[in-house]
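Please look at the sequence and the model together while reading this report.

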Amino acid sequence: MKQLIRYSAFTVALGVSLFAADGKTLFEQKCAFCHMTTKPTPQQRSQMVAPPAAGVMFHVKDRYPNKADAVNFIVDYAHNPSKEKALCPSIRRFGLMPSQKGAVTKDELKAIASYMFDTFPPSGFKHPKGMGMGMGMPLQR
Ligand code: HEC
């Protein structure tokens, strides 16, 4: 019996720690090659293919300050992105995000979205005004 209790506690602890690590790991595997997790240097900024995670979450939280709403938005957007839903003005520079259907499941997205909400933008983040626009890129809309 003691053995069983110890085993159960271990399993629960393992489950919790795996779940906690999950969103971060999944984000790094499935999203970070487009969405940088660090502040881009000017050199990186000119080569970016998508807004950094901090910028994405700045706009998502602006519209959806509540975590549950923000998570719902991200889970939906990653599978069904559209110009109408987009909150990031930098869509004008980068174009619409390609749907990640097939690359990531809904459950994985929930963990990813929760991690994104808890992590970005980092405290002290200042949104660079006009990001994606004042860079000599013509507006396409
Ligand atoms: C191939 C590159 C690419 C990958 C991979 C990618 N994204 Fe994006 N994402 C973009 C681009 C480009 C934009 C900006 C244009 C837009 O908003 O659609 C964007 C924007 C977003 C936005 C903001 C949408 C808005 O309101 O404008 C969210 C949220 C997002 N991505 C989540 C994710 C998540 C979660 C993943 C991983 C499962 C992911 N993205 C993977 C390219 C990518």
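What follows is a short report on this structure, arranged by topic.

## About the model

This is a predicted model, in which local features need pLDDT of at least 70 and side-chain atom pairs count only at pLDDT 80 or more, while totals for chains, interfaces and linings use all residues. Residues are numbered from 1 along each chain as its sequence is written, and side-chain values use heavy atoms, with hydrogens and water left out.

## The iron site

The iron atom of the ligand has as its protein donors His35, through NE2, and Met97, through SD, lying 2.0 to 2.1 Å from it. Donors here are N, O and S atoms within 2.8 Å of the metal (3.2 Å for Na, K and Ca), and sites may look incomplete because water is not among the atoms. The angles among the six donor atoms run from 84 to 179 degrees, and the site is octahedral, a term that for six donors requires opposite donors to be over 155 degrees apart and all others between 65 and 115.

His35 lies in the loop between α1 (2–30) and α2 (42–47), and Met97 in the loop between α5 (91–94) and α6 (106–119), so the pair ties together parts that are 62 residues apart in sequence. The helices are DSSP runs (H or I) of at least four residues, numbered from the N terminus. His35 counts as buried at 13% relative accessibility, whereas Met97, at 25%, is partly exposed; buried means under 20% relative accessible area, exposed over 50%, and partly exposed in between, with a 1.4 Å probe and protein chains only.

## Cysteines

The whole structure contains zero disulfides, a disulfide being a pair of cysteine sulfur atoms within 2.5 Å. Cys34 is partly exposed, with a relative accessible area of 32%, while Cys88 is buried at 16%.

## The largest pocket

The largest pocket has a volume of about 580 Å³, which is the space filled by probe spheres set on grid points joined across faces, edges and corners. A pocket is an open set of points, on a 1 Å grid over the protein atoms alone, where a 1.4 Å probe fits, with protein on both sides within 12 Å along at least five of seven lines; lining residues have an atom within 4 Å of a point.

Of the 30 lining residues, the closest to the centre of this pocket are His35, Pro51, Val56, Tyr77 and Met97. The helix that gives the most to this lining is α4, with four residues.

Notes. Four donors count as tetrahedral if all angles lie between 85 and 135 degrees; four count as square planar and six as octahedral if opposite donors are over 155 degrees apart and all others between 65 and 115; anything else is irregular. Helices (H or I, at least four residues) and strands (E, at least two) are DSSP runs, numbered from the N terminus.
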